[in-house]
Amino acid sequence: MAESLVTDWIADYTSLEDPSEIRTFAAQHEHNHEIASALFTILNERHKYSDLLHSICNQFYSFYKSNETELRRFTLQFVPILIYNYLNAVSQGDKKSCRSIEMLLIVIYNIEISNEDGQPRVVSFRMPVLAQASIYHEEKSLHATDLRRWEENCNRDVAWGPMPEVEHLNAQNRLKVMTALMFVYNQQLSQIQKPALYHLCRTATQLVNQGFTRIGSGHRANCGPTDPNAGMASRPLPRIPVSASFLLELLQAVYFAMFNEFASVAIQTIDDIHNRACYEMFPETILVTNAVRNSLHVNPSGQPSDGPMGISVALTPSTTTVTVSKSMITNASFRAKKLPEIM
């Protein structure tokens, strides 16, 4: 079923020639969950659909080279699973089977690190300081000396980029490119289809757990099959190398999914990333995972008051109040009246 849907989807786009037809096709993808689900099925079982993988990557390449925002956004939701498939193939020494995925990731990376005029792209923002009003405070309530002190120490810009272009992926730049792709993915989280967040969590769990056997709440390296007579086919998959910055980008995406309908699977993924960070001894990643896990004690995810990024939203109390109608008869409606004396 998934194979036939994707085959027809590729044929439909290939037959388009007029720009208006492409624009209509792009608009239909905004809520096309059926095609997205079929594509996730195929990408999750890429060895089963190896002949179709190259055509899918070519289609995504055409989408990202077009000027249609909807087509780029549609492609972007598959970046995590494409990253996993590529890193998984590299770890097994089977890079040749994922050449099309590798080229697609390079194209997306090179497009995203450049502006429309071809100049290197820089994404920057200024850290909030007490000297300037924000949604959390008003500067009028602070003393002038405190404002000067905080502005001198904290008023700085945080920038992403410029990033160098790449022609091929190797051991030196591989994780840097994957981290940059996850950064781009995170910038569009609120626009990505909700079902893609579920696949994001499952993919992240596979990526950080591969090559390990879960023992309690930790990881243990699995060096070989438990059966000494087992063949090569039963050996576990090799561990996928990761970096602290790459795990931090994964955490941001999973945290968003936690407060957007996928609390259960996202919390499990946070635990998996935490265990992997402890195994690799990444202090910055452990700091963030502990912060997320501890915050759930006072603001658990999956609650009605959840905001889009874990910020509690004040809700109207559910208690019902009875309004008294002006025409309602109560004790106050009866006035005391002196009865006439009986002669």
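Residues are numbered from 1 along each chain as its sequence is written, and side-chain values use heavy atoms, with hydrogens and water left out. Because the model is predicted, local features need pLDDT of at least 70 and side-chain atom pairs count only at pLDDT 80 or more, whereas totals for chains, interfaces and linings use all residues.

A search of the whole structure finds 14 aromatic pairs (rings of Phe, Tyr and Trp, the last by its six-membered ring, with centres within 6.5 Å; planes under 30 degrees apart count as stacked, over 60 as edge-to-face and the rest as tilted). In the stacked pair of Phe60 and Phe78, the centres are 5.2 Å apart and the planes at 25°. Phe60 belongs to helix α4 (residues 50-65) and Phe78 to the loop between α5 (69-76) and α6 (79-91), so this pair ties together parts that are 18 residues apart in sequence; helices (H or I, at least four residues) are DSSP runs, numbered from the N terminus. Phe74 and Phe78 form an edge-to-face pair, because their ring centres are 5.5 Å apart and their planes at 70°. One aromatic cluster includes Phe60, Phe74 and Phe78 as well as Trp9 and Tyr13.

Phe60 and Phe78 are both buried, where buried means under 20% relative accessible area, exposed over 50% and partly exposed in between (1.4 Å probe, protein chains only).

| Residue | State | Relative accessible area |
|---|---|---|
| Phe74 | buried | 2% |
| Phe78 | buried | 0% |
| Glu261 | exposed | 64% |
| Met281 | exposed | 67% |

Glu261, in the loop between α11 (244-258) and α12 (263-280), has a positive phi of about 85° although it is not a glycine. Met281, in the loop between α12 and α13 (283-295), is likewise not a glycine and has a positive phi of about 60°.

Technical notes
Helices (H or I, at least four residues) and strands (E, at least two) are DSSP runs, numbered from the N terminus.
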